[in-house]
Amino acid sequence: MSNLERDPAELLAVGTAVAEPAPAAGGDVEVLEPRDVPLGGPRAMNVRRTLPQRRRSLIGGWCFIDHYGPDDVAATGGMRVPPHPHTGLQTVSWLFEGEIEHRDSVGSHAVVRPGELNLMTAGHGISHSEVSTPEARVLHGVQLWVALPAASREVAPFFEHHVPVPAVLGEATVRTFVGALAGSGTPATVFSPLVGAELVVPAGATVRIPLETAFEHGVLVDTGSVTVAGTVVPLAHLAYLAPGRDAVEVVVGDGGPARLVLLGGEPLGEQIVMWWNFIGRSHDDVVAARAQWQDEVIAGADPDGRFGTVEGYDGSALPAPVLPTVRLKPRG
């Protein structure tokens with residue numbers, strides 16, 4: 001998914017126009033509040049963004065968390081994201097409800113469905129489009145990005161599709177779409193140690209989730225009344241857990257089942273520059289990528305260049321926003 005904000009968060013991070021809420025106190029659990037971001041035009045589909053924030057840019061290699069829906073497609077118009085570029089990252093698409101058609105410049109054409117992973121590695125550069133299908137009545141899911149480590153960020157782009165086999169963890173059902181957890185997992189290609197999983201926990205249940213002690217973790221609450229390590233985590237909020245834990249206890253209230261997304265990884269140990277849909281290691285990396293996109297694709301100078309062409313999309317590619325007037329700062 002593209003970051004369609006008129007003022008991408010990375011631009012705001014170098015100014016003073018927007019004040020993000022402070023993380024909630026919760027012992028050794030940091031609770032991050034989402035920021036509402038409209039994607040698109042007059043009938044924009046809103047997403048709730050918990051990463052990046054000024055106070056926290058990364059959880060392992062995970063660098064971007066958009067949580068959306070359930071959205072009535074008839075009311076919002078659904079998702080229609082024109083061809084747009086990415087560099088230096090992987091996109092991880094995971095749906096709870098709905099269908100989204102994916103096309104990219106390496107020739108991939110796939111449908112994102114609930115419980116199935118679409119993983120796109122941008123590396124040196126790729127472009128793709130995302131459009132909800134006519135069959136989709138409701139859209140509900142998460143769109144995640146992973147920052148590639150410096151040693152791998154220029155890898156040639158490629159696309160993968162995997163379907164994790166569900167597993168049981170206590171009373172919870174686990175679908176692990178990246179890495180492995182509780183006997184569920186996929187062979188999805190990653191370039192740093194990571195885990196990503198959906199957990200569905202019945203009302204009134206307590207589940208103890210095993211963790212890699214070297215990982216930092218985030219727990220995103222999609223539905224349910226949830227306490228993570230003794231701290232209440234409201235809907236659409238993200239609980240951050242620092243490295244050093246071998247497990248975390250999640251308690252679900254009696255009002256209904258909970259759905260959680262667990263994300264974790266070894267701290268990346270690198271600073272990144274992240275602006276719009278590009279990740280680099282310097283301001284100049286981002287400036288160069290934007291210039292190539294505008295010249296090769298938007299102006300049509302070289303449609304077979306760095307970002308290629310998305311075949312089968314009916315419409316124009318998405319121009320890049322204007323860069324800020326100050327240098328982008330590395331963070332992480």
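**Strands, pairs and charges along the chain**

P70 lies in strand β4. Helices (H or I, at least four residues) and strands (E, at least two) are DSSP runs, numbered from the N terminus. This is a predicted model, in which local features need pLDDT of at least 70 and side-chain atom pairs count only at pLDDT 80 or more, while totals for chains, interfaces and linings use all residues. Residues are numbered from 1 along each chain as its sequence is written, and side-chain values use heavy atoms, with hydrogens and water left out.

Start with the backbone. P70 is joined to G69 by a cis peptide bond, with omega about 0 degrees. Another cis peptide bond joins L51 and P52, and here omega is about 5 degrees. P52 sits in the loop between β3 (45–51) and β4.

Strand β4 also carries an aromatic contact. The rings of F64 and W145 have centres 4.0 Å apart and planes at 15 degrees, so the pair is stacked. Rings of Phe, Tyr and Trp (its six-membered ring) pair if their centres lie within 6.5 Å; planes under 30 degrees apart count as stacked, over 60 as edge-to-face and the rest as tilted. F64 belongs to strand β4 (residues 62–72) and W145 to strand β11 (residues 138–147), so the contact ties together parts that are 81 residues apart in sequence. Both F64 and W145 are buried. Buried means under 20% relative accessible area, exposed over 50%, and partly exposed in between (1.4 Å probe, protein chains only). The whole structure holds six aromatic pairs. There is also an aromatic cluster, formed by W275, W276, F278, W293 and F307.

Next come the charges. A search of the whole structure finds 11 salt bridges. A salt bridge is a side-chain nitrogen of Lys or Arg within 4 Å of a carboxyl oxygen of Asp or Glu. One of them joins R103 and E101, whose closest N and O atoms are 3.2 Å apart. R103 is buried, at 18% relative accessible area. E101 counts as partly exposed, at 25%.

R281 and E270 meet in another salt bridge, 2.7 Å from N to O. This pair links distant parts of the chain, 11 residues apart. R281 is in the loop between β26 (278–280) and α3, and E270 is in the loop between β24 (258–265) and β25 (273–275). R281 is buried, with a relative accessible area of 18%. E270 is partly exposed, with 23%.

D284 forms a salt bridge with R327, the closest N and O atoms being 3.6 Å apart. D284 is in helix α3 and R327 in the segment after α3, so to follow this link is to cross 43 residues. D284 counts as partly exposed, at 47% relative accessibility. Salt bridges with shared partners also join R153, E154 and D285 into one network.

Now turn to the surface. D295, D302, D304 and E311 gather there in a patch of negative charge. Patches are made of residues with over 30% relative accessible area and no salt bridge: like charges are joined within 9 Å, nonpolar side chains (Val, Leu, Ile, Met, Phe, Trp, Tyr) within 5 Å. Lys and Arg count as positive and Asp and Glu as negative; His and the chain ends are not counted. D304 is placed in the segment after α3 (283–298). D304 is exposed, with a relative accessible area of 69%.

A299 is found in the segment after α3. A299 is exposed, at 59% relative accessible area. How far apart are A299 and P234 in sequence and in space? They are 65 residues apart in sequence and 45 Å apart in space, C-alpha to C-alpha.

A229 has a positive phi of about 50 degrees although it is not a glycine. A229 lies in the loop between β20 (226–228) and β21 (231–233). A229 is partly exposed, with a relative accessible area of 29%. A236, also not a glycine, has a positive phi of about 70 degrees. The place of A236 is the loop between β21 and β22 (238–241). Is A236 buried or exposed? A236 counts as buried, at 8% relative accessibility.

Notes
Areas by Shrake-Rupley, 256 points an atom, 1.4 Å probe, with all protein chains shown as cover. Charge placed at Lys NZ, Arg CZ, Asp CG, Glu CD.
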